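This report describes one protein chain for a reader who has its sequence and structure at hand. It goes from the whole chain to its parts.

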Amino acid sequence: MLIVLVASVFAGAFLSFNGLLPEVLVNNNGMLVEAMLYLMLFLIGFDLGTSRAGLKATLKPDRYLIIVPAGTIAGTIFGGFLCSFVIKLSAMDAMAVASGFGWYSFSAVILAKVKSAELGAIAFLSNVIRESLTLVCVPFIAKYFGQYAAIAPGGATTMDVTLPVIEKFAGRRAALIGFVQGVVLTTLTPFIIQLFI
């Protein structure tokens with residue numbers, strides 16, 4: 001699965017870079033990505049609903065619904081703070097960049113507008129890289145550190161882009177918690193990022 005995933009990304013990049021994709025596909029790229037995303041979310045919901053017992057077990061109250069998003073927020077901001085010691089950014093700027101939680105389209109625009117275009121570019125790249133690394137690393141993290149540890153790297157993207165990978169490698173329960181984390185972080189990101197700008 002992981003090999004197919006990585007190969008698909010490289011194949012898409014190669015075909016796009018060399019102009020080998022049909023024009024209709026290139027022109028409707030955004031719409032197709034959105035449609036595929038909705039289809040994947042539908043299939044995850046379908047998979048969750050195929051077993052009544054499994055669905056009931058999945059929806060039961062769980063302390064990890066609070067612990068995982070809270071740990072992701074604390075760990076991400078602390079990681080941003082630590083990065084300020086090794087890169088040429090102030091602690092506040094580094095934590096502002098980290099506070100994007102993978103939501104690159106939002107954090108980049110906000111930081112470029114409020115702080116500087118350079119910080120916006122850093123936010124965009126760091127959050128895109130976070131999302132990309134999550135897609136590649138989730139299988140390893142789930143295998144060696146547990147299903148709940150595989151949720152944190154995705155940040156706010158666990159409610160959409162990285163959710164299928166989490167469901168595949170960490171299981172249904174982790175997918176549900178990942179979805180909740182994505183909703184919570186997407187809701188809180190505009191407020192948390194304001195604390196550092």
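## The chain as a whole

The protein chain has an accessible surface of about 11,400 Å², and carbon and sulfur atoms account for 73% of that area. The model is a predicted one. Of the 197 residues in the chain, 35% are buried.

The chain contains 10 helices and 0 strands.

## The nonpolar cores

In soluble globular proteins, nonpolar side chains tend to be buried together. The largest nonpolar core in this chain is made of 16 residues. Inside this core, I73, I77, F101, L111, I192 and F196 have the most contacts. Two or more residues each come from α5 (64-83), α6, α8 and α10. The largest share is that of α6, with 4 residues.

F196 shows what such a position touches. Setting aside neighbours within four places in sequence, F196 is in contact with I77, M92, M95, A96 and S99. Another core lies apart from the largest one; this other core has 11 residues, including V68, I151, I166 and I177.

## Helices α7 and α8

Helix α7 spans residues 104-114, and its buried residues are S107, A108, I110 and L111. L111 is also one of the residues with the most contacts inside the largest core. The cover over the buried residues of α7 includes α6 (91-98), α8 (117-145) and α10 (172-194).

In α8, the buried residues are L119, G120, A123, N127, R130, E131, T134, V138, P139, I141 and A142. The helix has a kink of about 55 degrees at C137, shortly before the proline P139. Just after α8 comes G146, which takes a positive phi of about 105 degrees.

## A nonpolar patch on the surface

Which residues form a nonpolar patch on the surface? They are F78, F81, L82, F85, V86 and I87, and together they have about 620 Å² of accessible area.

I87 is located in the loop between α5 and α6. Is I87 counted as buried or as partly exposed? I87 counts as partly exposed because its relative accessibility is 40%, and the partly exposed class lies between under 20% for buried and over 50% for exposed.

Methods: Residues numbered from 1 in each chain as written. Predicted model: local features only at pLDDT ≥ 70, side-chain atom pairs only at ≥ 80, totals over all residues. Heavy atoms only, no water. Buried < 20%, exposed > 50% of the residue type's maximum accessible area, 1.4 Å probe, protein only. Contact = heavy atoms within 4.5 Å. Bend = angle between axes of the 7 residues up to and from the residue. Areas by Shrake-Rupley, 256 points an atom, 1.4 Å probe, with all protein chains shown as cover. Core = buried A, V, L, I, M, F, W, Y, C linked by side-chain atoms within 4.5 Å. Patch = residues over 30% accessible without salt bridge, like charges linked within 9 Å, V, L, I, M, F, W, Y side chains within 5 Å. Salt bridge = Lys/Arg side-chain N within 4 Å of Asp/Glu carboxyl O.
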